Amino acid sequence: MQEQAVRILATRGKTVFVTSQQMFTMGATIIEARADGYKVIMIPDRLLARLASLRDLNGDPILDIRGFIQVWNASFTYDFIDASKLKKAERETWRILPELLRLAGDHAKRVREIRISNTMRLDEGAYETEGVWDSPNIVIKRSVLDSPRHFARVVLHEIAHASSGGNHGSIPFMAAIDDLAAIGAVEAANAAPGRAGASPSSPGGA
């Protein structure tokens with residue numbers, strides 16, 4: 001009965017079927033689906049695994065959220081925006097880019113350019129893709145310019161991909177992330193008021 005209902009609903013228009021957990025964990029992707037004209041319908045967890053074997057009444061595949069991601073990425077194109085067209089607050093955040101690249105040092109040597117796009121590929125995982133190392137450039141989603149901290153986190157994350165050539169969770173990638181964090185920590189410590197020439201004190205010392 002549930003399978004037939006899904007087949008009928010899928011035939012009536014662009015539809016994506018998701019579980020309650022996916023509604024919670026893949027919110028950004030679901031927003032993209034709705035913005036692209038899809039109706040999002042929640043189904044029980046036990047029905048999700050059966051969708052791959054179903055077809056709608058026209059014989060077309062029925063999409064779950066991962067099927068939507070594949071369709072989206074197959075037709076994806078960047079919507080680049082020039083930095084001069086940014087809003088004032090976005091430009092203020094963008095201004096820190098030279099300092100981020102200086103801080104990253106050799107980690108950024110493979111990066112030719114940082115580009116901004118209104119659109120971004122969707123990730124197979126349960127989080128929004130906000131940046132990508134698309135050699136030789138890094139592309140960031142415009143939304144990350146909402147704050148300097150957000151922007152810096154995404155840019156340095158992608159620089160770590162460029163530097164290491166590694167995927168998420170790989171040892172080279174994690175080593176690059178750790179080194180960038182260490183560089184930033186040392187820079188901040190050296191810039192802290194009263195730190196120049198200060199001698200370290202042992203824990204609990206007088």
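Helices (H or I, at least four residues) and strands (E, at least two) are DSSP runs, numbered here from the N terminus. The model is predicted: local features need pLDDT of at least 70, side-chain atom pairs count only at pLDDT 80 or more, and totals for chains, interfaces and linings use all residues. Residues are numbered from 1 along each chain as its sequence is written, and side-chain values use heavy atoms, with hydrogens and water left out.

Start with the sheet. Two strands pair if DSSP finds at least two bridges between them. Four strands form an open sheet, ordered β4-β5-β7-β6, with mixed pairing. Its edge strands are β4 (80-81) and β6, and each of these pairs on one side only. β6 runs antiparallel to β7 (residues 137-141), and four bridges join the two. Trp133 stands opposite Ile138 in β7.

Now turn to the open spaces. Rolling a probe the size of a water molecule over the atoms shows where empty space is left. On a 1 Å grid over the protein atoms alone, a pocket is an open set of points where a 1.4 Å probe fits, with protein on both sides within 12 Å along at least five of seven lines; lining residues have an atom within 4 Å of a point. Grid points are joined across faces, edges and corners, and a volume is the space filled by probe spheres set on the points.

The largest pocket has a volume of about 400 Å³. β6 (131-134) and α8 (148-164) are the elements that give two or more residues to its lining. α8 gives the most, with five residues. The lining has 20 residues, and Thr129, Gly131, His157, Glu158 and His168 lie nearest the pocket's centre. By type, the lining divides into six nonpolar, eight polar and six charged residues. Here Ala, Val, Leu, Ile, Met, Phe, Trp, Tyr, Cys and Pro count as nonpolar, Asp, Glu, Lys and Arg as charged, and the others, Gly among them, as polar.

The second largest pocket holds about 150 Å³ of space. Ala152, Arg153, Leu156, His157, Ile177, Leu180 and Ala181 line it.

Finish on helix α9 (residues 171-191), which holds Ala185. Ser164 is 21 residues from Ala185 in sequence and 20 Å away in space, C-alpha to C-alpha.
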